[in-house]
Structures are given as structure tokens and as C-alpha cells.
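Please view the sequence and the model first, then read the points below.

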Amino acid sequence: MQKKVSDSDEKQKGNNINQVISSIAHELKTPLSVISSNLQLLKKINNSTDPDLANDAFQLCEEAVGIMNHFIGNIYYLYRLNRGLVNLNIRSVNLNDFFESCFLEKSFPGIYKKRIRLDYELNQSSIIIDEDLLLMIFKVLTDNALKFSAETVSVVVLCENNLLKAEIVDRGIGIPEDELNYVFDPFYRGSNIKFISGSGLGLTIANRIIKMLKGKISVHSKVGEGTKIILEIPDYES
């Protein structure tokens, strides 16, 4: 017997589709506008003797292209996660080496890196896990916290009894309480985000990866006070 779809279900489905369309349009519109306006500028100064102005325009175009590539890359990576196309590379990972290199300049350039406070207590030297996926989890979650807070982001890690525990805490804008159930939905963006850029895919990707690694994640937040993300990932062979 076919289940009847209620009007509320149809409305919710429509809202979800509209949210996806809105998020994609929002994320691509700004960089495309930057590229378009600067290409027009470059046409005008093609024969100009002001190389600095041209270099600035080229740099803005490159940054805009980078934003779009990052966004499209996240969409494709989420697609691969959903289709089971991301393979695990499970091995023993030295945790001290991992956290010494986890927040290097290449992952968090410039001022971002200076706003990360990392504290870790390792009661065991290694854990069986996929190192690349673990790095992506910390990169995505910390980058997300930095984006929505102008203050220091605290990353506290504890590893004992074959269980890696971490808290990522920011003092940013926070998430409305009635929206916390949607934070792992693809393209979710809080109603209070306004002009902060982002695709709404970071928490979705982190959540899917953590599930692949048999772990769990929770989000606690209050508007105006900040957000705390708690994750637990066990040794994969435990």
C-alpha cells in the first residue's frame, strides 16, 4: 500500500529544495560577480601603465575562482561520501606527530592560525584510524568555528582507552536553539548568519566522516555566546 504524502511533507520537501537552490546560488553569485567586474576592469586597463592595479584585479579573480573550486569540491566530496566512494585507509597513527602538524600554516594560513588554541593530553601514543579523514574532520570543524567567531577558538583533545575525544569551542554568533536539529543537513545555514560566507556543507561532511570512523558528534550552542562541538572517535579496531 502506497503511503500518502501529506501537505506538510510536501511543503517541507519543497522548502529543502529551495534551501539547496538558495545556498548554491548564494555561494556562487558573489565570486562570479567579483570575476565579472574585475574582468571588465582588466579590459579597461589593458593598455594601462599601472601594473599594480592589474595585479590586484588578477588576484581578486584568482581568489574568487578558489572559492568556487572549494565549494564545488565540497559538493563532489559529499556526493562521494553518500555513494560510499571514499575508501578508508586504516593504520596506526602517532598522535603526537599528528597534532604537532595538524594546525600548520598550510591548513590555517595567516591570522586564522594565530586564533587557534590547541591543548591535547595523550595517555596513549597512537590510535588505529584513517589519518587523512581525521585531519579533514579537525580542519573542517576548526575552520567552521573560526569563520563564525572573531575570537580565539579552543581545541581540546584527550585520548585514552582507545578513544579520541575532542571539543572545539568558539565564542561566536551561536546557533538558534530551534535550528540545532538541522545543523548536519546539507546546505543548512543558520538564520542569523546573514553576510558570512559559507556553503553549509562543513558539518555535514564532518558528520558523515565521523560515522564512517564509528564515532559520534554533537553540537551545543547558544545565540550570542558561541558553539561547542564534541566528538568521540574510537580506535577503529577496538
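At what angle do helix α3 and α5 pack, and how far apart are their axes? Helix α3 (residues 95-102) and α5 pack at about 40 degrees, and their axes lie 11 Å apart. The model is predicted, with local features needing pLDDT of at least 70 and side-chain atom pairs counting only at pLDDT 80 or more, while totals for chains, interfaces and linings use all residues. Residues are numbered from 1 along each chain as its sequence is written, and side-chain values use heavy atoms, leaving out hydrogens and water.

**Overall organisation**

- The protein has 6 helices and 7 strands, where helices (H or I, at least four residues) and strands (E, at least two) are DSSP runs numbered from the N terminus.
- Along the sequence, the pattern is α-α-β-α-α-β-β-α-β-β-α-β-β.
- Of the 238 residues in the protein, 37% are buried, meaning under 20% relative accessible area with a 1.4 Å probe and protein chains only.
- Contact means heavy atoms within 4.5 Å; among contacts between residues at least 6 apart in sequence, 68% join residues at least 24 apart.

**Nonpolar core**

- The largest nonpolar core has 45 residues, and Phe138 and Leu141 have the most contacts inside it.
- Helix α5 (residues 131-147) gives the most to this core, with 8 residues.
- Such a core is a set of buried Ala, Val, Leu, Ile, Met, Phe, Trp, Tyr and Cys residues joined through side-chain atoms within 4.5 Å.

**Helices α3 and α5**

- Axes are lines fitted to C-alpha atoms, for helices over the stretch in contact, and angles run from 0 to 180 degrees between N-to-C directions.
- The two helices are therefore oblique to each other, the class left once angles under 35 degrees (roughly parallel), over 145 (roughly antiparallel) and 65 to 115 (roughly perpendicular) are set aside.
- Phe98, Phe99 and Cys102 of α3 make the contact with Glu131, Leu134, Leu135 and Phe138 of α5.
- The residues of this contact divide into 6 nonpolar, no polar and 1 charged; Ala, Val, Leu, Ile, Met, Phe, Trp, Tyr, Cys and Pro count as nonpolar, Asp, Glu, Lys and Arg as charged, and the others, Gly among them, as polar.

**Helices α2 and α6**

- The axes of helix α2 (residues 51-82) and helix α6 (residues 202-212) come within 10 Å and cross at roughly 30 degrees, so α2 and α6 are roughly parallel to each other.
- In α2, Asn74, Tyr77, Leu78, Leu81 and Asn82 meet Thr204, Ile205, Arg208, Ile209 and Met212 in α6.
- The residues of the contact of α2 with α6 comprise 6 nonpolar, 3 polar and 1 charged.

Technical notes. Buried < 20%, exposed > 50% of the residue type's maximum accessible area, 1.4 Å probe, protein only.
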